[in-house]
Amino acid sequence: MKKNRFKGFDENLCCRGMQFEIGKEYKIDNNGRPPELCTESVFHYSRHLQDVFSYYSPWERSRYCLIEVLGEEIISNDGTKGGSNHIRIVREVSGEELKEAISDYLYKDFWARMSQEDEKYDRYIYENSWNSGNRNTGVFNTGKDNTGDYNIGNRNSGGNNTGSCNSGENNIGMCNAGENNIGMCNAGNDNIGDWNTGFRNFGSFNTGMFNKANGTCGVFCTTDDSEIRLFNKPSGMSLNEIKKTVYWKALTQSDFKLYQDSRCANNADRYKEACALWWENTTEENKAIILSMPNFDADIFEEITGIRVRG
């Protein structure tokens, strides 16, 4: 009887440094030793595609294939991970099949989060018409603090959302201002990914449209933008590369908060107030790292933040 499973890869169809091809068989010779999970004695995979996302994220331009298990199989205690020394790559999973799996994955994740949050509150039913949750002003909501209708989640002001803190409609995710997004913090529409202000992107941090990439303002691009600017000058790094540096870590380790009760007369002053508090809470080590950033320009830094760092 055939055993069909799902395996994740990077964008080049590689896994743990090994190149795979669709249609081919792969076998590991363990010299009679029994195969073990989390070792090089097996090829790893999952029974369900949604479980693969924990190892190869959909937001990292990963690829997924249906495989056939031909050898001895081992399954983890929780059933989310398996392994065998002999497999065949059957076909790639893409299109609507992949989109549906991502939707199911996010839906399940948000239900789990919502259940954890519900434990903190006394739950009562029908506070408002047809609501299963608390403090809803809309109707047919499963969750809390919704002002829209037909939401599964909390603090949504739009409708038909599965998630939390959405102001748009038909989102599966969190903190979306746009519509029909699967992801988080999208201001545009119809994106599968996070932090998109553009439209119809499969990726993150895009301002353009129809991009299967990250950090691009183009249209129909499959590669990330190769370079962004630092202090108005070329950096030689992409956004993803900069996010992996000590500079990004130093910039983000201290909270940046715009306080609603600020007494600043205008938004420019309020922004600089937040910058001052951020800089005050930044460690001396991180300050030194920020000042050592490529192209660092004290005048530009002061113009944006209001912080003078020159002696």
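**Entry 1: the chain as a whole**

I began with the contacts in this predicted model, and I noted that, among pairs of residues at least 6 apart in sequence that touch each other, 38% join residues at least 24 apart. I then looked up the secondary structure, which comes to seven helices and 14 strands. The chain has 311 residues, and I wrote down that 42% of them count as buried.

**Entry 2: confidence**

I looked up the pLDDT next, and I found that the chain averages 78, while 73% of the residues score at least 70. Where in the chain is confidence lowest, and where is it highest? I found the lowest mean, 59, in strand β10, which covers residues 162-164, and the highest, 96, in strand β4, which covers residues 25-27. I also marked residues 117-130, where the pLDDT is below 50; in the model this stretch has 31 contacts beyond near neighbours in sequence.

I picked out E68, which lies in strand β6, residues 63-69. Is E68 buried or exposed? I noted that its relative accessible area is 9%, so E68 counts as buried, since the cut-off for buried is under 20%. Leaving aside neighbours within four places in sequence, I listed the contacts of E68 as K2, K3, N4, H86, I87, R88 and V90.

I then turned to G183, which I found in strand β12, residues 182-184. G183 counts as buried because its relative accessibility is 2%. I also checked the distance from G183 to S204: the two are 21 residues apart in sequence, and their C-alpha atoms are 9.0 Å apart in space.

**Entry 3: helix α6**

I went on to helix α6, residues 284-291, and noted N286, K287, I289 and I290 as buried. Why do these residues lie on the same side of α6? They cover an arc of only 160° around the axis, and therefore they fall on the same side of the helix. On the face turned away from this buried side, I found the exposed residues E284 and E285. I then asked what covers the buried residues of α6, and I wrote down that the cover includes α4 (246-252), α5 (267-281) and α7 (298-305).

**Entry 4: helix α7**

I looked at α7 in the same way, and here I noted A298, I300, F301 and T305 as buried. These residues are on the same side of α7 because they cover an arc of only 160° around the axis. On the other side of α7, I found that D299 and E303 are exposed. Which helices do the buried residues of α7 pack against? I recorded α5 and α6 as the helices they pack against.

**Entry 5: a nonpolar patch**

Last, I looked up a nonpolar patch on the surface, which is formed by F256, L258, Y271 and I304; together these residues have about 370 Å² of accessible area. I located F256 in the loop between α4 and α5. F256 counts as partly exposed because its relative accessibility is 37%, and this label is used for values between the cut-off for buried, under 20%, and the one for exposed, over 50%.

Conventions
Residues are numbered from 1 along each chain as its sequence is written. This is a predicted model: local features need pLDDT of at least 70, side-chain atom pairs count only at pLDDT 80 or more; totals for chains, interfaces and linings use all residues. Side-chain values use heavy atoms; hydrogens and water are left out. Buried means under 20% relative accessible area, exposed over 50%, partly exposed in between (1.4 Å probe, protein chains only). Helices (H or I, at least four residues) and strands (E, at least two) are DSSP runs, numbered from the N terminus. The arc is that of the directions from the helix axis to the C-beta atoms. Contact means heavy atoms within 4.5 Å. Patches are made of residues with over 30% relative accessible area and no salt bridge: like charges are joined within 9 Å, nonpolar side chains (Val, Leu, Ile, Met, Phe, Trp, Tyr) within 5 Å. Accessible areas come from the Shrake-Rupley method with a 1.4 Å probe; for residues, only the protein chains shown count as cover. A salt bridge is a side-chain nitrogen of Lys or Arg within 4 Å of a carboxyl oxygen of Asp or Glu. pLDDT is the predictor's confidence in each residue, from 0 to 100.
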